[in-house]
Amino acid sequence: MDYGTILEERTNPAVLMNAREQYMRQCARGDPSAASTFAFAHAMIGSKNKLDVKEGIVCLEKLLRDDEDRTSKRNYVYYLAVAHARIKQYDLALGYIDVLLDAEGDNQQAKTLKESIKSAMTHDGLIGAAIVGGGALALAGLVAIFSMSRK
Amino acid sequence: MTAAPYNYSYIFKYIIIGDMGVGKSCLLHQFTEKKFMADCPHTIGVEFGTRIIEVSGQKIKLQIWDTAGQERFRAVTRSYYRGAAGALMVYDITRRSTYNHLSSWLADAKSLTNPNTAIFLIGNKADLEDQRDVPYEEAKAFAEENGLTFLECSAKTGSNVEDAFLETAKQIYQNIQDGSLDLNAADTGVQPKQNLPRAAENNGKKDCNC
């Protein structure tokens, strides 16, 4: 439980199991609500299993596309940055956090996350490497969606 | 940032809860950075802060989870109650509605934390005396009825902020000392240093502060 940054946080397995069960129950009844999808995704991106994290990312991407609520969109963008950083997809992580910082330049929480991502990259020996790959390009579409919602 | 980061005896996990806009993040920021954030956007999900404090000569690392007050993310923030050694429940003394919602926050805190969790009631924005909407005595009585420790604070001036976080730690430490908090039980929100692999790893290495 001794975390240095939010990126090191991992979901308690019991919490993860609980979130999954609740989400499955909701899905069985029809379309799950944005709130319960987010709760599920949030738990999944803290899993030690990379496949769970990826499943969480898929949920967050879907929420970002479908949820009209502006306040919620910033949550999804933030946690997409967290999730990608946790599986070391740093270019995507930086892409998402920059989208948030473009909209809220003074957001301390977002700035702290960006620093954490950069220090994780330094730790992995990635600073200075050319990391702008296909990932950042793939983001462009989502950035547009996020920017439109700001009006 | 410069202090030896793993030099402490315990980690205590805290959560900060309460309505949107009562100043939870500002309290955390004032406590960890000793600065006031004037224009603070709504917290995204759950934020995290740490600070090492000292109680009875023991260094303790506080790991503080600051939860978003927005109702729609309650499912996420609820998962953070589990295993909290301390809960700071915050309302805004200038907005009665935030005080009126305390019973629902308290019900959550009592049902989702363990019986030993130290729950501290904070009336924030005490610097705005001329806009006061909740009398001190009323909140004090509510706290006494519910067995909570209570202080009015100001994240803006910093008044009483240290005390709220430190008093909570003292209570938790006291519970450890008198045995009412069993460190071997699950989800106490307290972790002694001997169980910290990272702490052991760093011993003897990079610990020279002379």
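Tutor: The model is a predicted one. Counting cavities of 30 Å³ or more gives two.

The largest cavity has a volume of about 70 Å³. Its lining draws on both chains: Arg74(A), Asn107(A), Gln108(A) and Gln109(A) on one side of the list, and Ser25(B), Met37(B), Cys40(B), Pro41(B), His42(B), Thr43(B) and Glu47(B) on the other. By class, this lining holds six polar, three nonpolar and two charged residues. One of the lining residues, Arg74(A), also belongs to a salt-bridge network with Arg70(A) and Glu104(A), joined through shared partners.

The second largest cavity comes to about 40 Å³. Chain A supplies Glu9(A), Thr11(A), His42(A), Gly46(A), Tyr79(A) and Arg86(A) to its lining, and chain B supplies Tyr80(B). These residues divide into three polar, two nonpolar and two charged.

Two residues of that lining, Glu9(A) and Arg86(A), form a salt bridge with each other, at 3.5 Å from N to O. Glu9(A) sits in the segment before α1 of chain A and Arg86(A) in helix α4 (residues 70-86) of chain A, so the pair ties together parts 77 residues apart in sequence. With the cut-off for buried at under 20% relative accessible area, Glu9(A) is buried because its value is 11%. Arg86(A) is likewise buried, at 13%.

Arg82(B) and Asp187(B) have their closest N and O atoms 3.3 Å apart. Arg82(B) lies in the loop between α2 (74-78) and β4 (86-92) and Asp187(B) in the loop between α6 (161-177) and β7, all of chain B, so this bridge ties together parts 105 residues apart in sequence. Arg82(B) is partly exposed at 33%, and Asp187(B) is partly exposed at 33%.

In the other bridge, Lys125(B) meets Asp92(B), with the closest N and O atoms 3.1 Å apart. Lys125(B) is in the loop between β5 (118-124) and α5 (136-145) of chain B and Asp92(B) is in strand β4 of chain B, so the parts tied together are 33 residues apart in sequence. Here Lys125(B) is partly exposed at 23%, whereas Asp92(B) is buried at 2%.

Technical notes. Residues are numbered from 1 along each chain as its sequence is written. Chains are lettered from A and ligands numbered from 1 in the order in which they are written. This is a predicted model: local features need pLDDT of at least 70, side-chain atom pairs count only at pLDDT 80 or more; totals for chains, interfaces and linings use all residues. Side-chain values use heavy atoms; hydrogens and water are left out. On a 1 Å grid over the protein atoms alone, a cavity is a set of points where a 1.4 Å probe fits but cannot get out, and a pocket is an open set with protein on both sides within 12 Å along at least five of seven lines; lining residues have an atom within 4 Å of a point. Grid points are joined across faces, edges and corners, and a volume is the space filled by probe spheres set on the points. Ala, Val, Leu, Ile, Met, Phe, Trp, Tyr, Cys and Pro count as nonpolar, Asp, Glu, Lys and Arg as charged, and the others, Gly among them, as polar. A salt bridge is a side-chain nitrogen of Lys or Arg within 4 Å of a carboxyl oxygen of Asp or Glu. Helices (H or I, at least four residues) and strands (E, at least two) are DSSP runs, numbered from the N terminus. Buried means under 20% relative accessible area, exposed over 50%, partly exposed in between (1.4 Å probe, protein chains only).
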